[in-house]
Amino acid sequence: QIAITIIEARQLVGENIDPVVIIEIGDEKKQTTVKEGTNSPFYNEVASFLKLFHNQGIGFNFLRCSETRYFEKYSSRGSFKVDLGTVYGQPSHQFCDKWALLTDPADIRTGAKGYLKCDISVTGKGD
């Protein structure tokens with residue numbers, strides 16, 4: 001099982017944005033609620049993945065929700081990826097209260113796009 005708590009984000013690029021976080025593991029996706037008009041949203045939302053994943057990474061995408069949310073159009077503003085094995089190798093198989101640097105994967109030279117605070121826990125059979 002993989003449990004991820006998206007706690008908050010800070011210093012997100014832009015003003016009066018409507019941010020949402022999409023979490024991807026393999027072909028599964030989960031998302032937070034959209035927080036309106038802020039670049040420092042507080043979420044405290046948990047996403048759980050029960051499926052067995054081998055040699056997978058966790059992708060976090062910070063997105064800006066467009067004005068036409070009815071069509072669920074988002075524009076990517078930054079992302080962060082971590083390998084499940086990296087998390088599993090930590091004490092108690094978890095990262096707690098860690099800040100992830102969000103960058104543009106197409107051009108990391110553009111610098112920080114914000115920061116995402118989260119907890120990640122990976123447990124296997126018998127843990």
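Trainee: Leaving aside neighbours within four places in sequence, which residues is Glu45 in contact with?
Mentor: Glu45 is in contact with Ile4, Thr5, Ile6, Gln31, Thr32, Thr33 and Lys35, leaving aside its neighbours within four places in sequence. Contact here means heavy atoms within 4.5 Å. Please note that this is a predicted model, in which local features need pLDDT of at least 70 and side-chain atom pairs count only at pLDDT 80 or more, while totals for chains, interfaces and linings use all residues. Residues are numbered from 1 along each chain as its sequence is written, and side-chain values use heavy atoms, with hydrogens and water left out.

Trainee: Where is Glu45 found?
Mentor: Glu45 is found in strand β4, residues 42-49. Strands (E, at least two residues) and helices (H or I, at least four) are DSSP runs, numbered from the N terminus.

Trainee: With which side chain does the side chain of Glu45 make a polar contact?
Mentor: The partner is the side chain of Thr33, at 2.6 Å. A polar contact is a pair of N or O atoms within 3.5 Å; within protein, one must be able to donate a hydrogen and the other to accept it, and residues adjacent in sequence count only if both atoms are side-chain atoms.

Trainee: How many salt bridges does a search of the whole structure find?
Mentor: The search finds one. The side chains of Arg10 and Glu8 meet in a salt bridge, 3.2 Å from N to O. Side chains of opposite charge can pair when their charged atoms come close.

Trainee: Is Glu8 buried or exposed?
Mentor: Glu8 is buried, because its relative accessible area is 14%. Arg10, with 41%, is partly exposed.

Trainee: Let us turn to the strands. How many bridges join β1 to β8?
Mentor: Eight bridges join β1, residues 2-10, to β8, and the two strands run antiparallel. Two strands pair if DSSP finds at least two bridges between them. Glu8 has Lys117 as its bridge partner in β8, and Ile4 stands opposite Ile120 in β8.

Trainee: In what sense do β1 and β4 pair?
Mentor: They pair in the antiparallel sense, over six bridges. Ala3 stands opposite Ser48 in β4. Thr5 lies in β1 and touches, among others, Asn44, Glu45 and Val46. Its relative accessibility is 16%, so Thr5 counts as buried.

Trainee: How many of the nine residues of β8 are buried?
Mentor: Seven of the nine residues of β8, residues 114-122, are buried, so the strand is largely enclosed by the rest of the structure. β1 is mostly covered, with seven of its nine residues buried.

Trainee: Which residue stands opposite Tyr115 in β8?
Mentor: It is Leu101. Strand β7, residues 94-102, pairs with β8 in the antiparallel sense over seven bridges. Tyr115 itself counts as partly exposed, because its relative accessibility is 29%. Tyr115 and Val13 are 102 residues apart in sequence and 9.8 Å apart in space, C-alpha to C-alpha.

Trainee: A change of topic: where does Ser92 lie?
Mentor: Ser92 lies in the loop between α1 (84-88) and β7. Its phi is near 60°, a positive value in a residue other than glycine. Ser92 is exposed, since its relative accessible area is 55%. His93 is placed in the loop between α1 and β7, and phi of His93 is near 60°.

Trainee: Finally, what pattern does the chain follow along the sequence?
Mentor: The pattern is β-β-β-β-β-β-α-β-β, with one helix and eight strands in the chain. Of the 127 residues, 38% count as buried.

Methods: Buried means under 20% relative accessible area, exposed over 50%, partly exposed in between (1.4 Å probe, protein chains only). A salt bridge is a side-chain nitrogen of Lys or Arg within 4 Å of a carboxyl oxygen of Asp or Glu.
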